[in-house]
Amino acid sequence: MSLTPSSSTAPAAADPLTPLLTELESALGSVQAALSQRDALALERHAASVQRLMTDALREGRERGRGGDLTPALRQRLAAAGAQVAAQRAALGRATAALDRAIDVLRPPEPLGLYGQSGRTLRQRSSGDVASA
């Protein structure tokens, strides 16, 4: 999905929201690239930028929208950016869940009955049931 403005948005180029949205779209592209490359450091850096830019863009869009000054093209770009943030958040959530499942498979199971509620170790009785030490 391309978030670049079409040629029909030329009058909006003078709008102060336009450069902000362009910067946000670029940062979202950088987040997508970092997700694709599995580059955690770049992802963290670009995600912080997206968060700041999205906050600024939403605030500016809200202020402009109240006055009726937000063009449909800018409104559409802002909505598309929000949708891309949501899609990236969902993708990151799926990747995190998959990683958690993989770690659970690789981690040895915890032996049962080693610790009681008070943290004391448990020992086996001769009959086979567990009692606290």
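Predicted model: local features only at pLDDT ≥ 70, side-chain atom pairs only at ≥ 80, totals over all residues.
Two notes before starting. Residues are numbered from 1 along each chain as its sequence is written. Local features need pLDDT of at least 70 and side-chain atom pairs pLDDT 80 or more, while totals for chains, interfaces and linings use all residues, and side-chain values use heavy atoms, without hydrogens and water.

**Exercise 1. Overall layout**

Work out which elements the protein has and in what order they run from the N terminus.

*Solution.* 
- Start with the tally: three helices and two strands. Here helices (H or I, at least four residues) and strands (E, at least two) are DSSP runs, numbered from the N terminus.
- Next, read off the order, which is α-α-α-β-β.
- Finish with burial: 24% of the 133 residues are buried, where buried means under 20% relative accessible area, exposed over 50% and partly exposed in between (1.4 Å probe, protein chains only).

**Exercise 2. Helix 1 against its two partners**

Describe how helix 1 packs with helix 3 and with helix 2.

*Solution.* 
- Two packed helices are described by the angle between their axes and the distance between the axes. Axes are lines fitted to C-alpha atoms, for helices over the stretch in contact, and angles run from 0 to 180 degrees between N-to-C directions.
- Take helix 1 (residues 17–37) and helix 3 (residues 72–106): the angle is about 20° and the axes are 11 Å apart. Helix 1 is therefore roughly parallel to helix 3, since angles under 35 degrees count as roughly parallel, over 145 as roughly antiparallel, 65 to 115 as roughly perpendicular and the rest as oblique.
- Now look at who meets whom. Ala, Val, Leu, Ile, Met, Phe, Trp, Tyr, Cys and Pro count as nonpolar, Asp, Glu, Lys and Arg as charged, and the others, Gly among them, as polar.
- Turn to helix 2 (residues 40–66), whose axis comes within 9 Å of that of helix 1, with a crossing of roughly 150°. Helix 1 is therefore roughly antiparallel to helix 2. Their contact divides into 16 nonpolar, four polar and five charged residues.

**Exercise 3. A proline in helix 1**

Is Pro 19 buried, partly exposed or exposed?

*Solution.* 
- Locate Pro 19 in helix 1.
- Check its relative accessible area: at 47%, Pro 19 is partly exposed.
- Compare sequence with space: Pro 19 and Ala 57 are 38 residues apart in sequence, and 9.9 Å apart from C-alpha to C-alpha.
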